[in-house]
Amino acid sequence: MTVPPITLPTSGRPATTANANAGAANAGAATADAAATEGILRRQRARESSARTYARSFPIVPARAKGMTIEGTDGRRYLDCLSGAGTLALGHNHPVVLEAIQRTVESGAPLHVLDLATPEKDDFTDALFATLPKSFADRARIHFCGPAGTDAVEAALKLMQTATGRRGVLAFTGAYHGMTAGALSATGSVAIRERVAGGGAEVTRLPYPYPYRCPFGVGGERGAELAATFTERLLDDPSGGVVPPAAMILEAVQGEGGAVPAPDGWLREMRRITDERRIPLIVDEVQTGVGRTGAFWAVEHSGIVPDAMVMSKAIGGSLPLAVIVYDQDYDGWLPGAHTGTFRGNTLAMATGAATLRYVAAEGLSERAAVVGARMSARLEGLRSELPVIGDVRGRGLMIGVEIVDPEGELDSCGAHPVAPETAERVRSACLERGLIVELGGRHSSTVRLLPPLVITDEQTEAVLQRLTDAIADVSARRPGQQREQRPGRRS
């Protein structure tokens with residue numbers, strides 16, 4: 001159950017040895033390891049579907065992992081700022097998670113029992129409800145879904161359609177809710193929707209506040225005010241074309257949309273608007289939950305109480321688990337209204353309960369707020385020196401750095417054009433330096449940082465240095481730009 005210890009070299013590459021003979025042996029082993037790695041990657045390309053994504057961005061083969069560090073089959077080591085797209089709240093193979101797995105396996109507990117009650121499920125539900133706002137938890141029901149967040153989104157939409165007798169859904173620009181039919185229809189990305197005929201729900205798309213690229217061209221608080229006003233006027237317009245919907249679904253911080261946080265005031269307005277019109281409000285906390293944004297749940301920043309919350313990723317403690325928690329007034333389902341074979345993952349419930357309690361006991365939400373603010377401030381301070389950084393935003397340890405063309409024409413909000421090719425080069429330059437980051441946002445021009453909540457101060461500095469170095473190097477190599485050496489730059 002234990003993972004061999006991994007030491008972190010400053011370059012992200014295997015440490016060299018002073019002994020020449022050992023060095024030659026290591027070089028031979030490294031060559032063999034590199035060949036084995038390439039063989040695995042070649043077979044993956046030949047056998048896996050063209051829908052694979054992260055495998056295209058990161059041509060590595062992870063073999064071992066601990067904490068924030070991944071080691072590939074070729075011996076190279078990387079700081080992981082992707083964290084399973086936010087799944088690994090405690091990083092890779094955390095002792096708390098491994099102990100929960102070992103304890104559960106050794107106990108003889110059934111690993112799969114559909115939706116039967118088990119001590120592990122009971123304990124997980126206790127642990128989860130203890131983290132929720134009390135006014136929500138006191139009236140809450142939980143439904144265990146298939147193991148992916150997208151299935152939980154489907155369940156939440158079906159729940160509200162059943163409760164209201166309506167079909168339509170209010171969703172937002174920039175949203176990402178998953179890849180199954182209903183979740184996909186609520187997702188904003190045109191690229192992943194345009195080739196799929198039909199949809200799971202009739203969706204009305206509303207403007208999400210995005211100060212840097214405001215849909216109203218004004219930005220700031222005024223942009224958020226206009227977004228709320230537009231929503232209210234549209235819903236009340238008898239000729240607005242919006243049939244009373246079954247629900248509104250939103251993210252308090254858009255993840256795949258580019259780490260765009262919703263203003264707290266706007267979230268409160270969405271709660272007021274939906275309350276007054278008896279529209280259930282679903283908040284998708286799949287990526288924002290379990291301390292990621294600096295509060296245990298992102299809704300806590302604004303103080304709103306939704307009618308349903310969608311949860312997955314980190315709640316399983318790195319193992320697959322997804323649930324919806326909702327107000328008991330909406331519990332009008334018939335038996336079997338939403339089922340799934342793998343909704344009884346005993347191991348995930350054990351690791352999830354352990355993770356939830358550890359995050360709460362160790363104050364990791366508060367640490368995420370502090371470390372995230374420090375990282376964002378440092379990156380914001382680089383904008384004048386590195387003008388390809390157009391915007392730095394996010395909340396807690398959910399950070400986005402939007403890469404732009406600084407020579408392009410400014411829009412009405414003062415934003416430069418997106419630069420997805422430059423962002424891709426930054427991602428590649430980070431990987432060369434032993435740092436895994438992924439892209440998101442409009443045109444995939446935003447570098448996203450999702451480090452584990454247990455990131456150390458030393459690792460924080462390493463992430464910032466490697467990212468800064470990568471952006472500086474890419475900036476210096478832009479057409480027409482002279483490469484300049486930065487103080488402290490690694491060769």
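I began with Thr69 and looked up its bridge partner in β3, which is Leu79. Strands and helices here are DSSP runs numbered from the N terminus, with at least two residues (E) for a strand and at least four (H or I) for a helix. The model is a predicted one, in which local features need pLDDT of at least 70, side-chain atom pairs count only at pLDDT 80 or more, and totals for chains, interfaces and linings use all residues. I number residues from 1 along each chain as its sequence is written, and side-chain values use heavy atoms, with hydrogens and water left out.

I then followed the strand pairs, where pairing requires at least two DSSP bridges between two strands. β2 and β3 (residues 77-80) run antiparallel and are joined by 3 bridges, and in their hairpin, with 4 residues between the strands, Gly75 has a positive phi near 90 degrees. β1 (residues 62-66) pairs with β2 in the antiparallel sense over 4 bridges, Pro62 having Gly72 as its bridge partner.

Next I asked which residues cover the faces of β2 (residues 69-72). Thr69 and Glu71 lie on one side, Ile70 and Gly72 on the other, and all are buried, meaning under 20% relative accessible area with a 1.4 Å probe and protein chains only, where exposed is over 50% and partly exposed lies in between.

Last, I checked helix α11 (residues 264-276): its 13 residues should span 18 Å at 1.5 Å a residue, and its end C-alpha atoms are 18 Å apart, which agrees, because the expected span is 1.5 Å times one less than the number of residues. Its buried residues include Trp266 and Leu267.
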